[in-house]
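Student: I am new to this structure. Could you show me how to read its pockets and salt bridges?

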Amino acid sequence: MSEFELHPRLAADTIILGDLPLCRVLLAKDSRYPWLILVPKRADIREIHRLNEEEQLQLIRESCAVARLMETELAADKINVAALGNMVPQLHLHHVARFTRDAAWPDPVWGKHPALAYGQPGVEATLWQQRLSAIDGFKVVGVHR
């Protein structure tokens with residue numbers, strides 16, 4: 001059995017914020033949208049139904065906790081949650097806070113506009129780590145500059 005390793009595309013397109021009991025929490029490098037990604041720390045898993053039942057429930061718990069946090073902290077109009085995996089086969093769940101005034105509304109964010117880099121990615125990552133600390137079991141991974 002192989003060890004969990006973050007897919008290279010996810011590693012390149014995100015900033016690692018920390019870990020929940022099951023998932024690694026990532027921040028997408030696109031300042032247009034508040035966008036977090038949960039990746040179950042399990043090797044070679046592509047689909048939710050391939051997790052065992054307890055892991056499936058834990059993924060839903062963690063996803064709901066992140067969605068609630070984003071909705072509350074950001075006063076989002078909608079939280080889009082998606083597990084597509086067409087480009088990156090590793091199981092991951094996107095959590096995108098949407099606003100009726102955002103650049104893509106009401107369309108999906110994928111491919112609508114090129115990613116807009118954060119001016120200060122370390123500051124944004126630290127802010128998200130502080131927000132996520134309200135979720136039971138969240139642990140910061142790494143320091144961002």
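**Pockets and salt bridges**

Tutor: Start with the second largest pocket, which is lined by Glu3, Phe4, Glu5, Leu6, His7, Pro8, Ala43, Asp44, Ile45, Arg46, Pro89 and Gln90. Residues are numbered from 1 along each chain as its sequence is written. The model is predicted, so local features need pLDDT of at least 70 and side-chain atom pairs pLDDT 80 or more, while totals for chains, interfaces and linings use all residues, and side-chain values use heavy atoms, without hydrogens and water.

Student: What is a pocket, and what counts as its lining?

Tutor: On a 1 Å grid over the protein atoms alone, a pocket is an open set of points with protein on both sides within 12 Å along at least five of seven lines; lining residues have an atom within 4 Å of a point. A volume is the space filled by probe spheres set on the points. Here, the second largest pocket holds about 160 Å³. The largest pocket has about 490 Å³.

Student: Which residues lie nearest the centre of the largest pocket?

Tutor: Arg9, Asp13, Trp35, His94 and Trp110 do, out of 21 lining residues. Helices (H or I, at least four residues) and strands (E, at least two) are DSSP runs, numbered from the N terminus. Helix 1 (8-13) and strand 3 (35-40) each supply at least two lining residues. Helix 1 gives the largest share, 3 residues.

Student: How many salt bridges are there?

Tutor: A salt bridge is a side-chain nitrogen of Lys or Arg within 4 Å of a carboxyl oxygen of Asp or Glu. The count here is 8. One joins Arg9 and Asp13, at 3.4 Å from N to O. Both lie in helix 1, 4 residues apart, about one turn of the helix.

Student: Are Arg98 and Asp102 buried or exposed?

Tutor: Buried means under 20% relative accessible area, exposed over 50%, partly exposed in between (1.4 Å probe, protein chains only). Asp102 and Arg98 form a salt bridge, with the closest N and O atoms 2.7 Å apart. Asp102 is buried at 11%, and Arg98 is buried at 1%. By contrast, Arg9 is partly exposed at 40%, and Asp13 is partly exposed at 40%.

Student: What does the salt bridge between Lys41 and Asp19 tie together?

Tutor: Their closest N and O atoms are 3.9 Å apart. Lys41 lies in the loop between strand 3 and helix 2 (53-74), and Asp19 in strand 1 (residues 14-19), so the pair ties together parts that are 22 residues apart in sequence. Asp19 is buried, at 13% relative accessibility.

How values were computed: 1 Å grid on protein atoms, 1.4 Å probe; cavity = no way out; pocket = protein on both sides within 12 Å on 5 of 7 lines; lining within 4 Å.
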